[in-house]
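Q: Could you show me how to read the surroundings of a ligand? Please take one feature at a time.

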Amino acid sequence: MKLKEKVAIVTGSGRGIGRSIAERLASEGATLVICDVDGDGAVKTASEIAAQFGVKTLGIKVDVTKSDEVDALVKQTVDTFGGINILVNNAGITRDGLMLRMKEEDWDLVINVNLKSAFLCTKAAIRHIMRSDYGRVINIASVIGLMGNAGQANYAASKGGLISFTKTIAKEFASKGVTANAIAPGFIQTAMTDKLKDEDKAKMTELIPLKSLGQPGQVADAVAFLASPDAAYITGQVLAVDGGMTM
Ligand code: NAP
C-alpha cells in the first residue's frame with residue numbers, strides 16, 4: 001500500500017489503459033478520481049473500483065480539451081478530498097491518415113485531446129500538487145512520439161510534444177518537490193488497437209523483440225512505480241513499456 005492517503009486524478013480512465021492505471025493505483029491504496037468524456041463510464045468505473053479495492057473514488061464527466069470542465073474537475077477533487085498528489089494525463093485518441101490527406105480538423109482534434117489537455121490539466125492541478133508534500137505528474141505518451149509513424153503525423157506530433165512538455169514540467173517544478181515523467185507504451189491491447197486489421201497487428205508483433213502485444217496492466221505497473229516513493233529521485237524521464245521496440 002505505497003499510495004495510501006494519496007489523491008490521484010487519471011484522465012480518460014473510464015476504460016482501456018486509464019482504467020487499468022486507476023485500478024493499479026487503487027490497489028496501492030490511493031483515492032481515485034476517474035474522469036472521462038464518457039460520464040456514465042467514469043461513474044461506473046469509479047463505483048466498481050471503490051467496491052473492489054475499498055478506496056474512496058469519484059467519477060466525473062470531463063472533456064479534457066475544455067478548460068472550464070478541467071477547472072471544475074480540479075475544484076471538485078479538492079473540495080471532496082482536500083488536495084491532489086498525483087495527476088496522470090492519459091486521455092488520448094487517434095485519427096490516422098497520411099499527411100497529405102489529413103484533414104485540418106483531425107490534426108486539431110488529436111493535438112487538443114492528446115497535448116493541450118495535458119497543459120490544461122497540469123496548469124489547473126499543479127498549484128494543489130505543489131502544496132501537498134508529495135507530487136507526481138505522469139504523462140502517457142507513446143513510442144510513436146519517439147519514432148514517428150507514417151499515417152500518424154498528428155498523433156506523433158502530439159506525443160512528441162507531450163514528452164517535451166513533461167521534461168519542461170520536470171524542470172519547472174523540481175524545486176517544489178514535484179516529479180514529472182512520461183511513459184511511452186508500445187503496442188498495447190485496447191480498443192485503440194483493436195480497430196487495426198489482423199494483418200497489421202501481426203506485422204507489428206513481428207517488430208516487437210518480446211514478440212507479443214503489451215497489456216494495459218503492464219503500463220499501469222510502470223505508472224504505479226513512477227507514482228510511488230520508490231521513484232522519488234526520477235524526474236524528466238521517458239520510460240518505454242514496449243517489449244523492446246525502441247531499444
Ligand atoms: P482507449 O481505450 O481509446 O481509451 C481512451 C480513453 O480516453 C477513453 O475512455 C476515452 O473516452 C477517453 N477520452 C477520449 N477523448 C477524451 C476527452 N476529450 N476527454 C476525456 N476523456 C477522453 O485508449 P487506450 O489505448 O487506453 O489509450 C490510453 C492512452 O495510452 C492514450 O493517451 C494513448 O494515446 C496511449 N497509448 C496507447 C497505446 C495502445 O497501443 N493502446 C500505445 C501507446 C500510447 P471514450 O470511451 O468516450 O472514447
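The ligand and its shell

A: The ligand is surrounded by 28 residues, and the closest are Arg15, Asp36, Asn90, Tyr155 and Thr190. A residue is near a molecule if one of its heavy atoms lies within 4 Å of it. This is a predicted model: local features need pLDDT of at least 70, side-chain atom pairs count only at pLDDT 80 or more, and totals for chains, interfaces and linings use all residues. Residues are numbered from 1 along each chain as its sequence is written, and side-chain values use heavy atoms, with hydrogens and water left out.

Q: How many residues of each class does the shell around the ligand have?

A: Ala, Val, Leu, Ile, Met, Phe, Trp, Tyr, Cys and Pro count as nonpolar, Asp, Glu, Lys and Arg as charged, and the others, Gly among them, as polar. Here the shell has 15 nonpolar, eight polar and five charged residues.

Q: Which atoms of the protein lie 2.5 Å and 2.8 Å from oxygen atoms of the ligand?

A: A polar contact is a pair of N or O atoms within 3.5 Å; within protein, one must be able to donate a hydrogen and the other to accept it, and residues adjacent in sequence count only if both atoms are side-chain atoms. A polar side-chain atom of aspartate 36 is 2.5 Å from a ligand oxygen. For isoleucine 17, a polar backbone atom lies 2.8 Å from an oxygen of the ligand.

Q: Is asparagine 154 buried or exposed?

A: Buried means under 20% relative accessible area, exposed over 50%, partly exposed in between (1.4 Å probe, protein chains only). Asparagine 154 counts as buried because its relative accessibility is 0%.
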